[in-house]
Amino acid sequence: SIQFFVTYLLAAGTAYFSGLIELIYNLTFGDTGVAKGVSQRMTLIELGITKLYRDPWVGTGAYGMADFSGNFWGRPVHDAYIQTMSEIGMVGGWVFIAMFIIVVTQLLLAGIRATPDGEGRLRPCLIAVLSLMALMLSEPDMDNSNTWLILGLTETAILVGQGRRGFRVNMRGAMSVIEALPPRPSEAEAARSAQAE
(Lines give C-alpha, C1' and ligand atoms only; values in the text may rest on other atoms or scores of the structure.)
Protein backbone atom coordinates (compact mmCIF):
# COMPACT_ATOMS: atom_id res chain seq x y z
CA SER A 1 0.00 0.00 0.00
CA ILE A 2 2.73 2.52 0.90
CA GLN A 3 4.82 1.10 -1.95
CA PHE A 4 2.02 1.88 -4.45
CA PHE A 5 1.66 5.41 -3.08
CA VAL A 6 5.39 6.08 -3.37
CA THR A 7 5.43 4.60 -6.92
CA TYR A 8 2.55 6.84 -8.03
CA LEU A 9 4.17 9.88 -6.39
CA LEU A 10 7.50 9.12 -8.10
CA ALA A 11 5.78 8.65 -11.51
CA ALA A 12 3.84 11.93 -11.12
CA GLY A 13 7.00 13.81 -10.13
CA THR A 14 8.93 12.36 -13.07
CA ALA A 15 6.13 13.28 -15.49
CA TYR A 16 5.97 16.82 -14.11
CA PHE A 17 9.70 17.56 -14.09
CA SER A 18 10.34 15.89 -17.49
CA GLY A 19 7.68 18.05 -19.18
CA LEU A 20 5.42 15.11 -20.02
CA ILE A 21 2.37 16.66 -18.29
CA GLU A 22 2.86 19.93 -20.18
CA LEU A 23 3.18 18.02 -23.48
CA ILE A 24 -0.02 16.07 -22.81
CA TYR A 25 -1.82 19.31 -21.93
CA ASN A 26 -0.62 21.03 -25.12
CA LEU A 27 -1.63 18.09 -27.30
CA THR A 28 -5.12 17.92 -25.84
CA PHE A 29 -6.07 21.44 -24.74
CA GLY A 30 -3.29 23.69 -26.02
CA ASP A 31 -2.73 25.30 -29.42
CA THR A 32 -2.24 21.97 -31.16
CA GLY A 33 -5.41 20.30 -29.91
CA VAL A 34 -8.98 21.10 -28.94
CA ALA A 35 -8.46 24.79 -28.21
CA LYS A 36 -7.00 25.35 -31.66
CA GLY A 37 -10.12 23.85 -33.27
CA VAL A 38 -12.43 25.98 -31.15
CA SER A 39 -10.52 29.18 -31.93
CA GLN A 40 -10.51 28.32 -35.64
CA ARG A 41 -14.27 27.76 -35.60
CA MET A 42 -14.85 31.07 -33.83
CA THR A 43 -12.59 32.87 -36.30
CA LEU A 44 -14.41 31.28 -39.25
CA ILE A 45 -17.79 32.28 -37.79
CA GLU A 46 -16.52 35.84 -37.28
CA LEU A 47 -15.35 35.90 -40.92
CA GLY A 48 -18.80 34.73 -42.04
CA ILE A 49 -20.49 37.46 -40.03
CA THR A 50 -18.01 40.01 -41.43
CA LYS A 51 -18.91 38.87 -44.95
CA LEU A 52 -22.61 39.27 -44.12
CA TYR A 53 -21.98 42.76 -42.76
CA ARG A 54 -20.12 43.82 -45.90
CA ASP A 55 -22.70 42.50 -48.36
CA PRO A 56 -25.76 40.80 -46.87
CA TRP A 57 -27.65 40.06 -50.09
CA VAL A 58 -25.04 38.40 -52.30
CA GLY A 59 -22.96 35.49 -51.04
CA THR A 60 -19.50 34.39 -52.04
CA GLY A 61 -20.86 31.40 -53.96
CA ALA A 62 -20.62 27.74 -52.99
CA TYR A 63 -17.29 27.08 -51.24
CA GLY A 64 -16.44 30.76 -51.69
CA MET A 65 -15.62 31.37 -48.04
CA ALA A 66 -12.46 29.31 -48.49
CA ASP A 67 -11.01 32.21 -50.54
CA PHE A 68 -12.40 35.01 -48.35
CA SER A 69 -9.88 37.49 -46.96
CA GLY A 70 -8.56 36.35 -43.58
CA ASN A 71 -9.51 32.68 -44.02
CA PHE A 72 -6.03 31.21 -43.68
CA TRP A 73 -7.31 27.65 -43.35
CA GLY A 74 -9.33 27.56 -46.57
CA ARG A 75 -12.33 26.09 -44.77
CA PRO A 76 -16.02 26.97 -44.81
CA VAL A 77 -17.76 28.67 -41.90
CA HIS A 78 -18.35 26.09 -39.17
CA ASP A 79 -22.00 27.01 -38.63
CA ALA A 80 -24.34 25.78 -41.37
CA TYR A 81 -26.74 28.70 -40.98
CA ILE A 82 -24.04 31.38 -41.24
CA GLN A 83 -22.33 29.27 -43.93
CA THR A 84 -25.51 29.35 -46.01
CA MET A 85 -25.98 33.09 -45.55
CA SER A 86 -22.35 33.92 -46.31
CA GLU A 87 -22.12 31.64 -49.37
CA ILE A 88 -25.62 31.97 -50.87
CA GLY A 89 -26.77 35.27 -49.38
CA MET A 90 -29.24 36.38 -46.74
CA VAL A 91 -32.31 35.27 -48.70
CA GLY A 92 -30.86 31.80 -49.27
CA GLY A 93 -29.98 31.53 -45.59
CA TRP A 94 -33.49 32.39 -44.47
CA VAL A 95 -34.94 29.92 -46.98
CA PHE A 96 -32.62 27.25 -45.53
CA ILE A 97 -33.79 28.04 -41.98
CA ALA A 98 -37.45 28.18 -43.05
CA MET A 99 -37.08 24.79 -44.71
CA PHE A 100 -36.12 23.22 -41.39
CA ILE A 101 -38.93 25.01 -39.55
CA ILE A 102 -41.41 23.70 -42.13
CA VAL A 103 -40.09 20.14 -41.80
CA VAL A 104 -40.39 20.25 -37.99
CA THR A 105 -43.92 21.68 -38.32
CA GLN A 106 -44.82 18.93 -40.80
CA LEU A 107 -43.51 16.31 -38.39
CA LEU A 108 -45.54 17.71 -35.51
CA LEU A 109 -48.74 17.96 -37.58
CA ALA A 110 -48.22 14.52 -39.12
CA GLY A 111 -47.54 13.07 -35.66
CA ILE A 112 -50.90 14.36 -34.47
CA ARG A 113 -52.73 12.81 -37.43
CA ALA A 114 -50.66 9.62 -37.72
CA THR A 115 -51.76 6.09 -37.09
CA PRO A 116 -50.08 4.37 -34.11
CA ASP A 117 -47.64 2.60 -36.46
CA GLY A 118 -46.89 5.84 -38.29
CA GLU A 119 -46.31 7.72 -35.06
CA GLY A 120 -43.52 5.29 -34.21
CA ARG A 121 -41.81 6.22 -37.48
CA LEU A 122 -42.18 9.95 -37.00
CA ARG A 123 -40.69 10.32 -33.53
CA PRO A 124 -37.19 9.17 -34.55
CA CYS A 125 -37.37 11.50 -37.55
CA LEU A 126 -38.24 14.44 -35.31
CA ILE A 127 -35.32 13.58 -33.03
CA ALA A 128 -33.00 13.24 -36.05
CA VAL A 129 -34.03 16.60 -37.55
CA LEU A 130 -33.77 18.45 -34.22
CA SER A 131 -30.36 16.85 -33.58
CA LEU A 132 -29.21 17.81 -37.06
CA MET A 133 -30.35 21.39 -36.48
CA ALA A 134 -28.34 21.51 -33.25
CA LEU A 135 -25.27 19.92 -34.89
CA MET A 136 -25.38 22.46 -37.70
CA LEU A 137 -24.52 25.18 -35.19
CA SER A 138 -20.97 23.82 -35.11
CA GLU A 139 -20.48 22.10 -38.47
CA PRO A 140 -20.56 23.24 -42.12
CA ASP A 141 -23.40 20.90 -43.07
CA MET A 142 -25.26 23.00 -45.64
CA ASP A 143 -23.83 21.00 -48.53
CA ASN A 144 -23.33 17.73 -46.67
CA SER A 145 -25.14 14.79 -48.26
CA ASN A 146 -26.30 13.55 -44.84
CA THR A 147 -28.30 16.77 -44.31
CA TRP A 148 -30.27 16.23 -47.49
CA LEU A 149 -30.60 12.48 -46.89
CA ILE A 150 -32.16 13.08 -43.46
CA LEU A 151 -34.53 15.67 -44.93
CA GLY A 152 -35.57 13.34 -47.76
CA LEU A 153 -36.12 10.37 -45.47
CA THR A 154 -38.07 12.59 -43.08
CA GLU A 155 -40.41 13.76 -45.84
CA THR A 156 -40.93 10.12 -46.85
CA ALA A 157 -41.67 9.14 -43.26
CA ILE A 158 -44.20 11.96 -43.00
CA LEU A 159 -46.06 10.65 -46.01
CA VAL A 160 -45.87 7.01 -44.96
CA GLY A 161 -46.65 7.90 -41.34
CA GLN A 162 -50.15 8.94 -42.32
CA GLY A 163 -50.98 5.29 -43.00
CA ARG A 164 -52.63 5.97 -46.36
CA ARG A 165 -51.54 5.67 -49.97
CA GLY A 166 -50.69 8.70 -52.16
CA PHE A 167 -50.27 12.17 -50.73
CA ARG A 168 -50.02 15.64 -52.16
CA VAL A 169 -48.16 18.36 -50.27
CA ASN A 170 -49.67 21.84 -50.69
CA MET A 171 -47.90 24.95 -49.50
CA ARG A 172 -50.31 27.32 -47.75
CA GLY A 173 -48.73 30.26 -46.02
CA ALA A 174 -45.67 29.30 -44.03
CA MET A 175 -46.83 25.75 -43.20
CA SER A 176 -47.27 22.62 -45.27
CA VAL A 177 -50.55 20.80 -45.02
CA ILE A 178 -50.75 17.19 -46.08
CA GLU A 179 -53.92 16.26 -47.91
CA ALA A 180 -54.80 12.73 -48.89
CA LEU A 181 -55.49 11.97 -52.52
CA PRO A 182 -58.32 9.61 -53.30
CA PRO A 183 -57.14 6.05 -52.75
CA ARG A 184 -56.13 3.99 -55.76
CA PRO A 185 -58.62 1.31 -56.74
CA SER A 186 -57.61 -2.20 -55.86
CA GLU A 187 -56.98 -4.75 -58.60
CA ALA A 188 -60.38 -6.36 -58.03
CA GLU A 189 -62.19 -3.00 -58.34
CA ALA A 190 -60.21 -2.18 -61.48
CA ALA A 191 -61.11 -5.57 -63.03
CA ARG A 192 -64.82 -5.08 -62.18
CA SER A 193 -64.90 -1.59 -63.69
CA ALA A 194 -63.12 -2.88 -66.83
CA GLN A 195 -65.71 -5.69 -67.20
CA ALA A 196 -68.59 -3.26 -66.69
CA GLU A 197 -67.38 -1.09 -69.55
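In the predicted model, Glu 139 and Arg 41 form a salt bridge in which the closest N and O atoms are 3.2 Å apart, the term denoting a side-chain nitrogen of Lys or Arg within 4 Å of a carboxyl oxygen of Asp or Glu. The structure holds one such salt bridge. Because Glu 139 lies in the loop between α6 (116-135) and α7 (145-161) while Arg 41 belongs to helix α3 (residues 34-54), the pair ties together parts that are 98 residues apart in sequence. Glu 139 is partly exposed, with a relative accessible area of 24%, and Arg 41 is likewise partly exposed, at 28%; here buried means under 20% relative accessible area, exposed over 50%, and partly exposed in between (1.4 Å probe, protein chains only).

Residues are numbered from 1 along each chain as its sequence is written, and side-chain values use heavy atoms, with hydrogens and water left out. Since the model is predicted, local features need pLDDT of at least 70 and side-chain atom pairs count only at pLDDT 80 or more, whereas totals for chains, interfaces and linings use all residues.

The secondary structure of the protein chain comprises eight helices and two strands, taken as DSSP runs (helices H or I of at least four residues, strands E of at least two) and numbered from the N terminus. Along the sequence these elements follow the pattern α-α-α-α-α-α-α-β-β-α. Of the 197 residues of the protein chain, 30% count as buried.

The largest nonpolar core has 29 residues, of which Phe 96, Phe 100, Leu 107, Leu 122, Val 129 and Met 136 touch the most other members; such a core is a set of buried Ala, Val, Leu, Ile, Met, Phe, Trp, Tyr and Cys residues joined through side-chain atoms within 4.5 Å. Two or more residues are given to this core by each of α3, α4 (80-88), α5 (90-113), α6 and α7, and the most come from α5, with eight residues. When residues up to four places away in sequence are not counted, Phe 100 touches Val 129, Leu 132, Met 133, Met 136, Thr 147 and Leu 151, a contact being heavy atoms within 4.5 Å. Ring pairs also link Phe 100 with Tyr 81, Phe 96 and Trp 148 into a cluster.

Rings of Phe, Tyr and Trp (its six-membered ring) are paired if their centres lie within 6.5 Å, with planes under 30 degrees apart counted as stacked, over 60 as edge-to-face and the rest as tilted. Four aromatic pairs are found in the whole structure. Tyr 16 and Phe 17 form an edge-to-face pair, 5.1 Å centre to centre with 80° between the planes; Tyr 16 is exposed at 58% relative accessibility, and Phe 17 is exposed at 71%.

Helix α4 is mostly covered, eight of its nine residues being buried, among them Tyr 81, Gln 83 and Glu 87. At the start of α4, a side-chain oxygen of Asp 79 reaches to within 3.0 Å of the backbone nitrogen of Tyr 81, and just after this helix Gly 89 takes a positive phi of about 115°.

Pro 76 is placed in the loop between α3 and α4 and is partly exposed, with a relative accessible area of 24%. Apart from residues up to four places away in sequence, Pro 76 touches Leu 44, Met 65, Gln 83, Glu 87 and Pro 140. Pro 76 and Tyr 63 are 13 residues apart in sequence and 6.6 Å apart in space, C-alpha to C-alpha.

How values were computed. Polar contact = N/O pair within 3.5 Å; in protein donor to acceptor, adjacent residues only side chain to side chain.
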